[in-house]
Amino acid sequence: QVQLVESGGGSVQTGGSLRLSCAASGDSISWYDMGWFRQAEGKEREGVAFIDSDATTSYSDIVKGRFTISKDTAKNTLYLQMSSLKPEDTAMYYCAARHRWAATFNYWGQGTQVTVSS
């Protein structure tokens, strides 16, 4: 079992940058595929960026080139660096973990709000 806690959300203007963190505890993230998801009001949750246990990354086309996912296994922390933020990036952002032998992302943080205004 792994516990996840997001931080770093806030309110920024269009074009600004923000760095989200996801601190993991209870287990090493080395055993998991990690991901960032977001959910805007009135919309379903969508995947944003993912990083495999071997550090391979993938991104939603919507954020590709603007967001960077990374992890620090020594600190057991996942990051999402966001730049060139747009109002449509406004959402609750969640980190999630999927054990490499699990079928789905079963572990979730409680979320951190990102609001982009202009």
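Two strands count as paired here if DSSP finds at least two bridges between them, and the strands themselves are DSSP runs of E with at least two residues, numbered from the N terminus. The model is a predicted one, so local features need pLDDT of at least 70 and side-chain atom pairs count only at pLDDT 80 or more, while totals for chains, interfaces and linings use all residues. Residues are numbered from 1 along each chain as its sequence is written, and side-chain values use heavy atoms, with hydrogens and water left out.

Strands β4 and β5 run antiparallel and are joined by five bridges. Within this pairing, methionine 34 has isoleucine 51 of β5 as its bridge partner. The hairpin of β4 and β5 has six residues between the strands, and glycine 42 takes a positive phi near 80 degrees there. Next along, β5 and β6 are also antiparallel, with three bridges joining them. Phenylalanine 50 sits opposite serine 58 in β6. In the hairpin of β5 and β6, five residues lie between the strands, and alanine 55 is the residue with a positive phi near 80 degrees.

Now for the disulfide, meaning a pair of cysteine sulfur atoms within 2.5 Å. The structure holds one, formed by cysteine 22 and cysteine 95 with their sulfur atoms 2.0 Å apart. The torsion about the S-S bond of these two cysteines is about 60 degrees, so the disulfide is right-handed. It links distant parts of the chain, with cysteine 22 in strand β3 (residues 18–25) and cysteine 95 in strand β9, 73 residues apart. On the accessibility scale, buried means under 20% relative accessible area, exposed means over 50%, and partly exposed is in between (1.4 Å probe, protein chains only). Cysteine 22 is buried at 1%, and cysteine 95 is buried at 0%.

The aromatic rings come next. A pair of rings is described by the distance of the centres and the angle of the planes. Rings of Phe, Tyr and Trp (its six-membered ring) pair if their centres lie within 6.5 Å; planes under 30 degrees apart count as stacked, over 60 as edge-to-face and the rest as tilted. There are five aromatic pairs in the structure. In one of them, phenylalanine 37 and tryptophan 108 are tilted, at 4.8 Å centre to centre and with 55 degrees between the planes. Phenylalanine 37 belongs to strand β4 (residues 32–39) and tryptophan 108 to strand β10 (residues 107–108), so this pair ties together parts that are 71 residues apart in sequence. Phenylalanine 37 is buried, with a relative accessible area of 11%, whereas tryptophan 108 is partly exposed at 33%. The rings of phenylalanine 50 and phenylalanine 105 have their centres 5.9 Å apart and their planes at 45 degrees, so that pair is tilted. Here too distant parts of the chain are linked: phenylalanine 50 is in strand β5 (residues 46–51) and phenylalanine 105 is in the loop between β9 (91–99) and β10, 55 residues apart. Phenylalanine 50 is partly exposed at 24%, as is phenylalanine 105 at 21%. Put together, ring pairs link Phe37, Phe50, Phe105 and Trp108 into a cluster.

A salt bridge is a side-chain nitrogen of Lys or Arg within 4 Å of a carboxyl oxygen of Asp or Glu, and the structure holds five. Among them, aspartate 33 and arginine 98 meet at 2.2 Å, N to O. That pair links distant parts of the chain, aspartate 33 in strand β4 and arginine 98 in strand β9, 65 residues apart. Aspartate 33 counts as buried at 10% relative accessibility. Another bridge joins arginine 66 to aspartate 89, with the closest N and O atoms 2.8 Å apart. Arginine 66 lies in the loop between β6 (57–59) and β7 (67–72), and aspartate 89 in the loop between β8 (77–82) and β9, 23 residues apart. Arginine 66 is buried at 11%, and aspartate 89 is buried at 1%. Both residues also take part in a network of salt bridges that links Arg38, Glu46, Arg66 and Asp89. Lysine 64 and aspartate 61 form a salt bridge too, with the closest N and O atoms 3.1 Å apart; here lysine 64 is exposed at 52% and aspartate 61 is exposed at 63%.

How values were computed
Helix = DSSP H or I, 4+ residues; strand = E, 2+ residues; numbered from the N terminus.
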